[in-house]
Structure formats: structure tokens, C-alpha cells
Amino acid sequence: MTYRFKSKKAFTLIEILVSVSILAVLILALNRIYFSINTRNKLTREQSLVQADIEYFLRLATNNIKVAEKSNGGDCGIAANKFFKLSSNGDHLVFIKDGNCQSFFREEDFDGRGELYYNQEALSSKGINITDLKFLVEDDIATGQPIVTVLVKAVPVLNLDNQIKAQTSISLSYY
């Protein structure tokens, strides 16, 4: 009596281990790519938020500063025949609009995060740190058109390496 073994088609243990190892490497590579893309998207969102806040602030500043009124002296602490009062460090601008005192400034909250303000209303989002705000003013009417230059620096709170700087100059509608 002779026994014949029928050959069954099957995977060997080595083949299974090699396949599982290759699959594990592919999964790890895809996982790394996914997290890399996710991190880049987060950074892009943060930068977009900072840019949007700065653009909003500059647009609001432009629309309000360009219609500033000349002071008769004493109004809002602004000297006679001047349009603006500037703080000693240049981060607080006071002017008159529609007969009322208006101001733009930067102030830090209790966590040390800088915020932009128009009058007493905060303008910047919570995920943004305004690191610097400067106003440069030329409002000597005898030498020409009054001009205010605004410089803003901001970073996302979670990524302090991505600083964004913006600057604009605003000419008043004074003749």
C-alpha cells in the first residue's frame, strides 16, 4: 500500500510573515503622511486666521482714520489744528470722528496675549497674539496731507514661529 500525499496549495508561515511586515510598513508610511498633511493644514488655518484678523483691523483703521477731524484744541487731548494724539511708544492712536473721541490700541490680556482694540472693543481672535502695533503720524497741515502709517505684527498662539507683518499708510480726506 502506498500513500500519496496530495499537494495542497497554501501559504507558508514565511510568506505570511513577509506579507504582514510589508503591510505594516505601508500602514506606518501612510500614517506619517496623514499626520504631516494634517499638521500642514493646521498651520495654514492658523496663518489664514492671523491674516484675516490683520486685514480686518487694517480695513477698519483705514475706513475710520481717513475721516478723522481736525481738533480745535483740547478735544480728546489732541492739540489745536492737529488730527491725532499718539502715545509715547506709538501703540495708541486717538482721533476725532463724527465729533467723538476714537482710538485704536494694543493691550495685553492676563495671559500676556496682545489684542487689538477699537475704542474698548476687542478686534482680534483668541488664537492670535498681536506682538506689536505701531502708528507713525504726520499731521502737520502746513507741510501737506495728513498721513498715518500702521504697522502690525501677529503670530498664531500655538505656533510662534509664523509671524506675519503688515503695514499700510492712510491719507486723510482733508483739503
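Ring pairs join F57, F83, F84, F95, F104 and Y118 into a cluster. Rings of Phe, Tyr and Trp (its six-membered ring) count as paired if their centres lie within 6.5 Å; planes under 30 degrees apart are stacked, over 60 edge-to-face, and the rest tilted. The model is predicted: local features need pLDDT of at least 70, side-chain atom pairs count only at pLDDT 80 or more, and totals for chains, interfaces and linings use all residues. Residues are numbered from 1 along each chain as its sequence is written, and side-chain values use heavy atoms, with hydrogens and water left out.

A search of the whole structure finds seven aromatic pairs. One of them, F57 with F104, is edge-to-face, at 5.6 Å centre to centre and 90 degrees between the planes. F57 lies in helix α1 and F104 in strand β3 (residues 100-108), so this pair ties together parts that are 47 residues apart in sequence. Helices (H or I, at least four residues) and strands (E, at least two) are DSSP runs, numbered from the N terminus. Both F57 and F104 are buried. Buried means under 20% relative accessible area, exposed over 50%, and partly exposed in between (1.4 Å probe, protein chains only). The rings of F104 and Y118 are stacked, because their centres are 4.5 Å apart and their planes at 25 degrees. This pair also links distant parts of the chain: F104 is in strand β3 and Y118 in strand β4, 14 residues apart. Y118, like F104, is buried.

Six salt bridges are present in the structure. The criterion is a side-chain nitrogen of Lys or Arg within 4 Å of a carboxyl oxygen of Asp or Glu. D109, R113, E115 and K126 are linked in a network of such bridges. Within it, the side chains of R113 and E115 meet at 3.1 Å, N to O. R113 counts as buried, at 8% relative accessibility. E115 is buried too, at 5%. E115 also bridges to K126, with the closest N and O atoms 3.7 Å apart. E115 lies in strand β4 (residues 114-118) and K126 in the loop between β5 (121-122) and β6 (128-138), so the pair ties together parts that are 11 residues apart in sequence. K126 is exposed, with a relative accessible area of 64%. A further salt bridge joins the side chains of R106 and E108 (3.1 Å, N to O). R106 is buried at 18% relative accessibility, whereas E108 is partly exposed at 47%.
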